[in-house]
Amino acid sequence: MYIENLLLKKKSILLNAWITMILEGFSSENSIFLRSEKNRFRNPIAYQISQGIQVIYDALSEGKDPIDISPFLDDIIKIMAVQELSPSKAISFISHLKHIVRKELKDDPGKERMTDELLLFESKLDELTFISFDVYMGYREKLFALKARDARNRVGGLLRMAGLAVDVD
């Protein structure tokens with residue numbers, strides 16, 4: 001397929017643009033740090049995102065189905081789930097690739113003959129976005145449950161310290 005060959009041929013350009021777009025989505029202070037610090041131990045978030053999107057990119061360029069790619073979303077989605085981002089912003093990193101590929105294809109002489117391929121590729125990205133939302137919401141629910149349990153334990157501890165709690169056994 002032409003689109004898969006293009007993804008392989010322009011991998012470095014497209015991946016760098018994709019990583020940059022993702023990291024720019026964080027707050028300005030965090031974004032500057034995430035983009036400038038290259039040490040994987042000082043900047044594990046950018047490292048995890050970079051590794052995750054490389055695997056996703058490779059799977060897409062090999063023509064894999066979105067359901068087969070979904071396990072590779074976990075590390076990125078975990079990071080996004082704990083950020084102060086709206087759900088749409090947290091999973092928008094998938095649609096960024098769609099815009100980057102279209103921009104790269106703008107001047108490509110063979111773009112007319114690959115309209116169907118591009119639509120198929122974009123529909124895979126759309127499906128991956130929906131899967132990402134499900135994964136994201138699962139992590140947000142876990143995070144909320146942890147926060148609720150922590151609050152319940154703190155209040156219970158305060159009530160016991162004040163002598164206002166009654167143990168029911």
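In which helix does Ser132 lie? In this predicted model, Ser132 belongs to helix H9, which covers residues 115–161. The protein as a whole comes to nine helices and zero strands, and the sections below move from its overall form to the packing of H1 with H4 and then to two individual residues, Leu7 and Ser132.

**Overall form**

- Read from the N terminus on, the elements of the protein follow the order α-α-α-α-α-α-α-α-α.
- The radius of gyration is 21 Å, whereas the globule rule gives 15 Å for 169 residues, so the protein is more spread out than a compact globule.
- Taken along the principal axes, the box that the C-alpha atoms fill has dimensions of roughly 80 × 35 × 20 Å.
- Of the 169 residues, 38% count as buried, and the accessible surface comes to about 10,500 Å², with 56% of that area belonging to carbon and sulfur atoms.
- Among the contacts with a separation of 6 or more, 74% are accounted for by residues 24 or more positions apart.

**Packing of H1 with H4**

- Helix H1, made of residues 2–9, packs with helix H4, made of residues 44–61, at an angle of about 145°, and the axes of these two helices are 9 Å apart.
- On the H1 side the residues involved are Glu4, Leu7 and Leu8, and these meet Tyr57, Leu60 and Ser61 in H4.
- Sorted by class, this contact of H1 with H4 has four nonpolar residues, one polar residue and one charged residue.

**Leu7 in H1**

- Leu7, which has its place in helix H1, counts as buried because its relative accessibility is 1%, under the cut-off of 20%.
- Although Leu7 and Ser61 are 54 residues apart in sequence, their C-alpha atoms are 5.6 Å apart in space.
- When residues up to four places away in sequence are not counted, Leu7 touches Leu14, Tyr57, Leu60, Ser61, Val101 and Phe121.

- The side chain of Ser132 reaches the backbone oxygen of Leu128, with a distance of 2.8 Å.
- Once its neighbours within four places in sequence are left aside, Ser132 is in contact with Leu73, Ile77, Ile91 and Ile94.

Key
Residues numbered from 1 in each chain as written. Predicted model: local features only at pLDDT ≥ 70, side-chain atom pairs only at ≥ 80, totals over all residues. Heavy atoms only, no water. Helix = DSSP H or I, 4+ residues; strand = E, 2+ residues; numbered from the N terminus. Polar contact = N/O pair within 3.5 Å; in protein donor to acceptor, adjacent residues only side chain to side chain. Contact = heavy atoms within 4.5 Å. Axes fitted to C-alpha atoms, helices over the stretch in contact; angles between N-to-C directions. Nonpolar A, V, L, I, M, F, W, Y, C, P; charged D, E, K, R; others polar. Rg over C-alpha atoms; globule rule 2.2 N^0.38 Å. Buried < 20%, exposed > 50% of the residue type's maximum accessible area, 1.4 Å probe, protein only. Areas by Shrake-Rupley, 256 points an atom, 1.4 Å probe, with all protein chains shown as cover.
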